[in-house]
Amino acid sequence: MVPQVTLQAPLKLPPHAVTDHLKQLWEHPGEGYNGSATFTLVVWEPAWLEQHLARLGLLQDAVMGMQRPCLVDAARRAIGAYGLPSATAPLSSTLAQTLATQSGENGRYDDLRGQAIDNSISELQPHRMITLAPTIAADQPLDALVAAYCSLPEDNSPGGSVCGDVLVLRGGAASIATELDLLPQWIPTQLPCWVLWEGALGEHTDIFERLAAAQRRLIVDTALGETEPSLRILAQRIAASQAVSDLNWYRLGSWRESLARAFDAQDRRAALNHVVQVDIDVEGDQLCQGLLLAAWIASRLQWSLQTGRRQQDSSVYRFQRPDGFMVDLRLVSVPVGFPKPHAGSILGLRLLCRPPDGKELCAVLCGEASGCMRLEGGDISSRDLVEEIVPLMEGSLEVQETRVLAGGHDTTNPLLATTAQLADQMLAATAASET
Amino acid sequence: MAATLTNPLRVGLRQERVIPPQCLIIFGASGDLTHRKLIPALFELFLQRRLSSEFAVLGCARRPWSDEVFRQTMAERLQPTVSANPQAWEQFSQGLFYEPVDLQQPEHLARLAQRLEQVDRQRATRGERTFYLSVSPAFYGSGARALAGAGLLADRQRSRLVIEKPFGTDYASAQQLNRVVKSCGQENQLFRIDHYLGKETVQNIMVLRFANSIFEPLWNRNHISSVQITAAETVGVEQRASYYEKSGALKDMVQNHLTQMLALTAMEPPGRFEPESIRNEKAKVLQAAHLASPEQPWTCCVRGQYGSGGTAEHPLASYRHEPGVDPDSITETYVAVKLFIDNWRWQGVPFYLRTGKHLAKRLSEVALTFRDAPVRLFDAAAGGVSANQFVIRIQPDEGATFRFEVKAPGSGMRSRPISMDFSYDESFGEPSDEGYVRLLADAMLGDPTLFTRSDEVEAAWRLYTPILEGLKQSPDKFPAHPYEAGTWGPAESDELLARDGLLWRRP
């Protein structure tokens, strides 16, 4: 889908003049324009990878801060061009970090971050979109760009124009940080405010802390950073009663649905009380998705975590079932030749149930694109086998963001809350075993 | 260890369609439907996290209640659900508001518009509004006009109007009401509720037919010999005598619920799963349907009225002895009709519809009977070969059954019927939502798929017009045959099928 661009050219202003300008923008006495009464969206949009690819001439397009197919394609080409292992996920921080070490200014590019708005988001008619767009040139001075934005009227609706505005702060991260004190003036208190952190969790923590104030609703993506800080921060924010959504959790949707489906049949439900072993394969060594899936299963089945330890390519956790039996859960990092865009995607899952007086039941879930021969080994044919193919989750990052924004909640989904806490404990258990 | 009753992995997975911020305005908020169906459905949606936090309900009625009285009243009437979820109710009820409104008073509408602006600001509901007319059907037209007059339906994208059944009392009144409401808003803003369409199993008729390649090739006159659609109740008229006396079973059940089941069973596959594609096909099949004998409708319609029955321990009073019923009432509590559909798919296949109160069993189902095998090679163990049947059970024990012949064990080659069964309870790890949960959610999402369009409503009324006119002009030809409460209806209904060599199912 072609992103919508603001209809008027953004006005470049000094940051301290933005507040007055925004007020003037909506002061049309008699016309009744107050801007749409929807929500404010504050986006931290570093787009490091996109900027570096454009800088090096590997992306022949403007930087938009969107997860577009051309970005993923360019990233895959860069992985080959710079000799990274083919198992490197295109949108992982590894590639961006590698490109950051490469010198060169081969590409000239426009920076349209914050000005190009994905249709799925603009259809929600945000009252205000504030984009913080840090540049890879850390010393770049700050530009503030402001533009009004009205969605085009549809179907001759006489309901009147619903308008919003966009504000972009573009410059070095340090210069953005110096102006963050102005942010509260730009966020109307009577409307909900979302903070969409499109960077890695654990990066620019000072800015993160100031943006993600407790009363604001936070959207993060634990696939974008390292495992440990991502899950730790997610769990901390949820524990502090902040409303948090994790886009990585949404990506797990088809896995959770498929596993639930395998046990929908009445005669299999009892088997869930007798799980003895779980194996989860993930792409690469970013373990957030794997840990979230494991913690979701464990929390739904009311298992309590006993121990965790890291082995060469895997982490092994021991849980206790409510009836006292032990369950071993193994999370294995598997290198793949053509990884999915995000690091740490699930490849497959095997869950073995051993009822005391019945035949063993083995549920195997295989990713649609990957197969899971490894999990199909081990003489599973002698057991009652339930096998499901898990479809790829459809929809871009922006579509997932839209789902969160469209059905806004001011509390964290209880399933995610429980899961994130347990996933964090699992991570802590493996860390403790190493010390 | 005992089997788990529900699948613990299922919990919380149904969140794919979150209702965007908006205000639901209920007219008739002090009435029964509000606390029996609407607020419980909304609270269920809230518990499932399918309502946005920016959500408000504005109850409107003539009573001079305050917000607090409305909240308190709902809390009392929703027990014990509220006590089981005190924190959730506390949070949910913060979004409940009340405004005394008489829709016939223009100044009340002006005040309502102001209050809505205020609620919009207070709850950030983005100007999205769903108006729900839970008022007497006599006020549907004037209510819609009042809302339109106050400019509250002017925004075609962000305002919707939900209208309860019955939509009209006959073809002419339905046409007139359609003219009125369509002058107040666009068709895409209008949501005419038929709560049967909210049932998971009714929706499943479409999925069974159009998601499986095994059924559709058989789903036509070449393979199906007849179709029976039944909605049987074990209860009597209960507290609804004043309404029921005027409507009877034909208007209360057949014209809407059973006809919707007929439409879903008989419609052609839509080109796309889009609201208008589906509603086009439903309207088309209803327009092609007609009574088996429109000129002599009394030959294809049997009316009945329950007499006394039951047992010595549990006696059941006759309809005419129910409170509020005229002792000489000729209102039907049972009706059976025979229809045909004039199109390539169904030409010559009879559709039998029946519904009644105080019948032997509570059930709703669609049963398709297949033609006999062209050559009979085997004797049946029980004397006669049973026709293959496919039965979609709407309620209770939701699911489907396929009945076919197999070899009876033993040295001979005799056949006997067996059933292959699918049960929702057995197959899925969670219970289905109540119909109003689904329909309210869809209306607020602006999805009209499960709501009846104006041409569907009119086609459904037109289908039964020969009976309704016959009842006015020659009531003697449509006697309400008595039947004993607790049985499967009057003998005349059995004769309707016996003339075609068939029997009603007695499941």
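Which helices of chain A do the buried residues of helix 2 pack against? The close-ups below are taken from a predicted model.

**View 1. Helix 2 of chain A and what it packs on.** The buried residues of this helix sit against helix 3 (69-81) and helix 4 (93-100) of chain A. Helix 2 spans residues 48-55 and is mostly covered, with 7 of its 8 residues buried. Those buried residues are A:Leu49, A:Glu50, A:Gln51, A:His52, A:Leu53, A:Ala54 and A:Arg55. Look just past the end of helix 2 for A:Gly57, which takes a positive phi of about 75°.

**View 2. A:Ser86, in the loop between helix 3 and helix 4 of chain A.** Is A:Ser86 buried or exposed? It counts as exposed, because it has 12 C-beta neighbours inside 10 Å, and 12 or fewer is the cut-off for that label. A:Ser86 still has partners from elsewhere in the chain: leaving aside neighbours within four places in sequence, it is in contact with A:Ile79 and A:Gly337.

**View 3. B:His257, a residue of helix 9 of chain B.** The UniProt record, an unreviewed entry, puts an "active site" annotation on B:His257. The helix that holds B:His257 covers residues 241-266. Why does B:His257 count as buried? It has 23 C-beta neighbours inside 10 Å, and the label needs 20 or more. Setting aside neighbours within four places in sequence, the contacts of B:His257 are B:Asp194, B:Tyr196 and B:Ala231.

**View 4. Helix 7 of chain B against helix 13 of chain B.** The axes of helix 7 (residues 171-184) and helix 13 (residues 454-463) come within 8 Å and cross at roughly 170°. That makes the pair roughly antiparallel, as angles over 145 degrees are classed that way. From helix 7 the contact uses B:Tyr171, B:Ala174, B:Gln175, B:Asn178 and B:Lys182, and from helix 13 B:Ser454, B:Val457, B:Glu458, B:Trp461 and B:Arg462. Sorted by class, this helix pair brings together 4 nonpolar, 3 polar and 3 charged residues.

**View 5. Where chain B touches chain A.** Each chain puts 32 residues into the contact. On the chain B side, helix 5 (106-123) and helix 11 (424-427) each supply at least two residues.

Definitions and conventions. Residues are numbered from 1 along each chain as its sequence is written. Chains are lettered from A and ligands numbered from 1 in the order in which they are written. This is a predicted model: local features need pLDDT of at least 70, side-chain atom pairs count only at pLDDT 80 or more; totals for chains, interfaces and linings use all residues. Two residues are in contact if their C-beta atoms, placed from the backbone, lie within 7 Å. Helices (H or I, at least four residues) and strands (E, at least two) are DSSP runs, numbered from the N terminus. UniProt positions are given in the numbering used here, feature names are shortened, and annotations may be inferred rather than shown by experiment. Axes are lines fitted to C-alpha atoms, for helices over the stretch in contact, and angles run from 0 to 180 degrees between N-to-C directions. Angles under 35 degrees count as roughly parallel, over 145 as roughly antiparallel, 65 to 115 as roughly perpendicular and the rest as oblique. Ala, Val, Leu, Ile, Met, Phe, Trp, Tyr, Cys and Pro count as nonpolar, Asp, Glu, Lys and Arg as charged, and the others, Gly among them, as polar.
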